[in-house]
Structures are given as C-alpha cells and as structure tokens.
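The following briefing is meant to be read alongside the sequence and the coordinates. It moves from single residues to the chain as a whole and then to the contact between chains.

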Amino acid sequence: MSSRITGAFCAAGRPLLVACTVAGDPSFDESISIIRELVCSGTDIIEIVMPFSDPVADGPVIQQAGARALASGMNTDRLFELIREVRKETEIPLLIMTYANIVVQRGIEEFYRDAARAGADGIVVADVPLEEADPFCAAAGSAGIDPILFVSQTTSPERIEKILSKASGFVYLVAVMGVTGTREEISPEAIALLKTVKERTSLPVVPGFGISTPEHVRRYAQAGADGVIIGSALVRIVGEYTSRKAGAESGIGALVKGLKISAHEN
Amino acid sequence: MTSSSRFGPYGGQFVPESLMGALDELEEAYRTIVPSEEFRKEMEYYLREYAGRPTPLTFCRNMSEDLSCRVYLKREDLLHSGAHKLNNALGQALLAKLMGKKRIIAETGAGQHGVAAAIAGAALGLLVEVYMGDEDMERQALNVARMRMLGATVIPVHSGSRTLKDAINEALRDWVTNVHNTHYLIGSVVGPHPFPSLVRDFQTVIGNEIRDQVMIKEGHLPDAMVACVGGGSNAIGMFSPFLDDPVELFGAEAGGEGLAGRHGATLCGGKPGVLHGAYTYLIQDAFGQILESHSVSAGLDYPGVGPEHSFLRDNKRVNYEAVTDTEAIDSFLYLSRTEGIIPALESAHAVALARKIALGRANDDILIINLSGRGDKDIAQVAAFTGDCQ
C-alpha cells in the first residue's frame with residue numbers, strides 16, 4: 001500500500017519542500033493557522049514537531065519554540081487533536097518529529113496507533129538510532145506509519161545499508177555535524193553523503209538541518225535530493241512575529257514560496 | 001546494540017544518529033585500551049602518585065559511640081580535588097588522550113566533576129570546556145573559580161532549569177557538533193552506553209579498596225553500606241564489588257522538600273523513561289516532559305539516575321530512600337561537629353540515611369558510609385540555609 005508520503009514523491013517528479021513547524025507554537029489556534037498558510041503557499045509535506053523538554057538534537061531556535069509551545073499547554077493529546085483538525089482540511093502528508101520519551105510514555109504502540117488514527121503519515125524520533133529502532137519500526141508497521149530514519153555524515157557504509165533496510169517513506173539525511181539551526185554554507189561532505197545514499201536506495205533522500213536559502217535548496221536539488229527540509233528558518237519567523245504580537249503567516253508564506261521556486265528550477 | 005548495553009530493561013543508546021559513530025569508537029576503546037597494560041600502568045600511577053589513592057577507611061569513634069554500631073567513612077573527601085569525581089575524570093581523560101582526542105567537554109552540577117575534569121585536563125595536556133547551569137554557577141561560585149584557575153573554560157547554560165540536566169543537554173549538543181576531535185567526559189554513570197559501564201569501572205576502585213581495608217581492619221565484610229545517589233557514580237563504585245555478597249546496600253536520594261513537594265529522588269518518586277541517551281527512572285509528567293528536580297545539593301539536583309541503579313531498584317538489591325534538604329543539612333552539621341569532618345552536601349545525604357538505618361543494629365554491626373566529597377564548597381550555602389531556618 002502506498003502511503004501519502006510515498007505518493008507525494010512519486011507524483012511530484014521534482015524535489016519536494018518539507019516545512020517544519022512546532023505544534024502549539026505560539027498557541028494551538030495559531031499553529032493551525034500557520035499550517036494552513038504552509039499548505040496554501042505550496043508546501044509539499046509538513047513536519048510537525050512535538051516538543052520535548054530536553055531536545056538535544058535541536059539548536060536554540062527550535063528549543064525556544066518548543067518551550068513556547070509547552071508553555072502554551074501543548075502535550076501529546078493536544079498534538080493528536082491538532083493533527084485531526086489539520087487532516088479535516090487537507091490531504092497533505094503529515095510527519096511527526098519528536099523525541100523517544102514522548103513516544104515511550106504514551107506506549108510505543110499506542111503512540112503510533114493514535115498518530116495514524118489522527119491522520120499522521122510518518123514519524124521521526126530524533127534520539128532513536130538503528131540500535132533502538134526495532135520496537136518503533138514494528139509499531140509503525142502495524143499502524144501503517146512510515147518510520148523515517150536518519151543517516152548522518154558519521155554513519156558508516158555498513159550502517160547506511162542497515163538503516164536503508166528498515167526505512168520507509170524517505171531517508172532523512174542529517175546535512176550538518178551538529179544540531180538544527182540555519183548555516184551559511186552547505187558542506188561538500190553533505191553533498192557527498194547525499195550522493196552515497198542515493199546510489200544505495202530507491203527511497204527518496206531528503207536533507208534537513210541548516211537549510212534556509214534559495215541557494216541551499218538549488219544546490220541540494222542539483223545534487224539529486226528528492227526534497228529539502230526547512231526547519232529553523234521557518235520556526236524563527238514564528239518567534240520573531242510572536243515577540244511583536246503579529247501574525248507570522250505572511251512571512252512564512254513568502255519564505256516557502258521563495259524556496260519552492262528554487263526547488264523547481266531544475 | 002550489544003547485550004551489555006542494558007541493565008535488565010534499562011540503559012541503551014537513545015542518541016541522535018550523528019553520535020553513534022562516537023559511541024562505537026568509545027566502546028571499542030573501552031574494550032581494547034582500558035584493559036591494556038599501558039592504560040592500567042598509567043592509571044595506577046595517576047591514582048596512587050597523583051590523586052592520593054588509596055583513600056583511608058576511617059573508623060569513627062564518636063559516631064560509632066553515638067549510633068551504637070561500628071561506623072566507617074570511606075574518605076573520598078581526601079582524594080585530590082576533594083571528591084570521588086577525579087577517579088572517573090582521570091580514567092576518561094587518559095582514555096581520550098590515548099584515543100587521540102585533543103579536547104574534552106564536561107558537564108557539572110556541584111562543580112566537583114568540572115573541577116576534576118579541569119585537573120585531569122591540566123595534568124594530561126587536554127583542552128577542557130565545562131558546561132554549567134547558571135543557577136549552579138551562582139550557588140557553587142568557588143568551584144567555578146577553581147575550574148578557571150586550572151585553565152578550563154566554564155560555559156554558562158541559560159536554557160531550561162539552568163542546572164545539571166541542561167548542562168548535559170548542552171554538552172551533548174557540543175559533542176554532536178565536534179565529535180571528530182572531542183571526548184565527552186561525562187561525570188556520572190548516566191548517558192548512553194558505554195558511559196554507565198565505563199564510569200562504573202573507573203569508580204569501582206572505591207569499593208575494591210573498601211573490601212581490602214575492611215578485611216584488614218575487621219576480618220569480615222561490612223553489614224551495611226550507604227552512599228548518596230544523584231546520577232549515582234560514587235554509589236555504584238562503592239556497591240559494585242559487593243553486589244553478590246550478603247551486604248545490605250542503601251542509596252540516599254535527594255528528597256528536597258519531601259516527595260510530596262519538589263525533589264530529586266528519581267528512584268523513590270519517578271517512573272521509567274528516556275533521557276540523555278538511556279532508559280531509566282526519571283522525574284517527569286504524564287506526557288513524558290521532564291520536570292525540574294530540586295535539591296539543596298547541586299550534585300544531586302538531577303531528574304534522572306544511572307540506568308544500573310534503576311535495575312538495582314527493581315530487583316531490590318539496593319534500598320533507595322529519600323533524604324530531605326533539612327535532614328541533609330542537619331547531618332552536614334552533625335558530621336562536622338561529631339567527627340570534625342565537613343562533608344559535601346551530597347555526602348551529607350548518605351550520613352543522614354546512615355543515622356536512620358543505624359537504629360536497632362547490633363553493637364558490632366559494621367556500617368560504611370561513602371563520604372564522596374568534602375564540604376568546603378557548601379559552607380556559604382549551609383550558612384545561608386541555617387540562617388534562614390533560625
């Protein structure tokens with residue numbers, strides 16, 4: 001059975017734009033408006049971050065967004081409520097990105113089952129590497145969720161093979177050494193890793209971390225990426241608008257449109 | 001995951017994929033370098049000639065009389081740096097050096113591990129940067145000054161609860177970024193495999209020495225032993241060689257304001273979950289968000305605990321009990337005035353629990369307390385606390 005995620009990559013025939021937003025940042029209702037704006041401005045897949053109190057893979061922008069969201073009352077029940085609301089309006093593929101303890105406290109099977117029922121299509125768990133992935137992948141399998149796994153610049157060729165054998169939906173390529181957050185440059189190592197992984201799999205390969213400009217998007221697209229994940233660059237806009245007590249939607253829409261044009265130029 | 005990465009269901013390697021290469025490299029070094037002749041000789045030199053091991057096992061005449069049993073203190077307070085943390089810091093720094101790493105990062109709560117890392121880095125010629133919550137920097141200002149004096153850089157952490165938990169988060173973020181040239185010198189038996197085993201092995205010198213010393217002094221094993229448990233490295237180091245012996249083992253957790261209020265008693269008042277790379281008991285809400293812990297002692301102010309302790313709690317080999325801030329302060333003063341030994345506030349928790357479990361024992365029962373550190377760093381805080389109470 002083809003998932004919404006697989007369907008989106010097959011149908012597009014061009015690099016997809018995956019946009020990241022933190023659930024409940026700055027509030028539940030505003031989060032829905034932001035997701036609506038992401039959809040309207042042409043995002044192909046939405047990654048919804050369920051914040052965790054101790055996000056070790058995240059840089060300051062997503063840390064602060066997570067703290068705002070938790071302060072506004074976001075929790076796992078509310079996350080699924082938010083996904084149900086979004087799913088009423090759109091068929092866009094929805095990914096959940098979170099940390100192991102959020103999944104473990106609900107019960108691994110329950111989390112994947114509830115996510116699928118709410119309308120999510122894929123789940124990424126930032127601190128679950130191959131060594132710990134089995135119960136998460138099994139629960140994903142029974143729930144009909146794509147378990148999205150990471151490949152990084154320190155992943156050996158043997159590990160890449162093992163990871164690819166368990167992944168579905170797409171492969172999340174960690175494009176920087178370090179945490180989430182925008183960077184000036186794309187490293188040659190990231191491009192080399194992208195090519196290595198592309199050679200070994202028919203799954204879509206999508207870099208994330210450090211991507212914020214049209215030039216970044218163009219370079220990855222030219223190197224063969226099947227999409228790009230934009231995280232902190234979008235989340236930062238929410239933070240900036242939140243401090244000014246104004247809607248973040250127009251800023252987000254403008255950034256998405258700009259990046260999308262770059263993704264399609266190839 | 002190798003089978004040895006778990007203690008029963010606890011432990012594991014819950015880290016971002018980017019760190020797996022470093023953990024594999026460390027595990028390989030743990031397997032090959034640590035048992036090597038070269039490493040063992042170097043460690044022997046540093047522990048004996050430099051750090052001052054073995055530390056005494058002191059028979060406490062006054063306390064023994066007061067508690068009506070035979071009370072000994074394992075004097076880790078007399079180790080160079082003033083706490084047991086140096087055993088692990090020297091071990092990991094030496095390992096890092098033999099692995100070819102140039103830079104060490106560490107987290108610290110009370111500052112004792114940061115000081116130990118700074119000392120080990122200075123002795124072994126490694127660059128040291130220490131992450132410390134800004135709240136802890138304030139309450140442990142003396143140790144901040146010591147670290148700087150020793151040539152280490154102290155990096156304040158302003159995120160989250162601004163204590164030990166957040167210092168570990170920042171150290172992990174740094175490690176993900178600089179993994180090629182940096183070793184993360186974690187300070188307790190926490191974190192992803194192989195850290196809980198590696199740190200335990202470096203601290204087991206405490207228990208091994210106790211075993212030899214008590215056999216010489218008393219001719220038989222002790223009846224009970226007590227250590228404080230934050231992350232739990234001094235406790236594991238003391239308990240490890242006795243796990244298969246008929247010795248009662250007690251862990252004193254930070255009861256803070258009491259289990260109904262704010263506390264750091266993870267094993268007494270928490271439930272299992274995933275934090276800092278391991279599945280272990282945590283203080284958390286129903287959705288898995290980690291809650292802020294509280295303790296008068298910065299070194300015990302941590303909402304997690306080493307995964308091996310979680311295992312020893314469930315199988316009931318060790319009894320874990322919560323000691324409140326007030327009880328710890330009371331025992332801080334008690335030991336100072338009864339024996340002329342000022343304990344670290346962390347170790348004062350063990351003294352407090354020892355005073356409770358001494359009740360009803362036979363006069364010839366042997367009770368050993370791990371005095372994991374000295375209390376100079378805590379004097380201003382205790383003065384303020386007791387001043388507040390009066």
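A residue is called buried when its relative accessible area is under 20%, exposed when that value is over 50%, and partly exposed in between. Phe195(B), with a relative accessible area of 0%, is therefore buried. The model described here is a predicted one, and the points below are grouped by topic.

- Phe195(B) belongs to helix 9 of chain B, which covers residues 195-218.
- Thr177(B) lies 18 residues away from Phe195(B) along the chain, and the C-alpha atoms of the two are separated by 19 Å.

**Cis peptide bonds in chain B**

- The peptide bond between His193(B) and Pro194(B) is cis, with omega about 10°, and Pro194(B) sits in the loop between strand 8 (182-184) and helix 9.
- A cis peptide bond also leads from Arg53(B) to Pro54(B), with omega near -5°; Pro54(B) is placed in the loop that runs between helix 2 (37-51) and strand 3 (57-59).

- With a relative accessible area of 33%, Arg162(B) is partly exposed.
- In chain A, Phe209(A) has a positive phi near 80° and is found in the loop between strand 7 (205-208) and helix 10 (214-222).
- Phe209(A) has a relative accessible area of 10%, so this residue counts as buried.

**Chain B as a whole**

- Chain B contains 15 helices and 14 strands, and buried residues account for 65% of its 390 residues.
- Of the contacts in chain B between residues at least 6 apart in sequence, 73% join residues at least 24 apart.

**Contact between chains A and B**

- In the interface, 38 residues of chain A are in contact with 35 residues of chain B.
- The two chains bury about 2,700 Å² between them, with 53% of it on carbon and sulfur atoms; Val56(A), Gln105(A) and Glu132(A) supply 22% of the area that chain A buries against chain B, more than any other three residues.

How values were computed: Residues numbered from 1 in each chain as written. Chains lettered and ligands numbered in written order. Predicted model: local features only at pLDDT ≥ 70, side-chain atom pairs only at ≥ 80, totals over all residues. Heavy atoms only, no water. Helix = DSSP H or I, 4+ residues; strand = E, 2+ residues; numbered from the N terminus. Buried < 20%, exposed > 50% of the residue type's maximum accessible area, 1.4 Å probe, protein only. Contact = heavy atoms within 4.5 Å. Buried area = accessible area lost by both parts, 1.4 Å probe.
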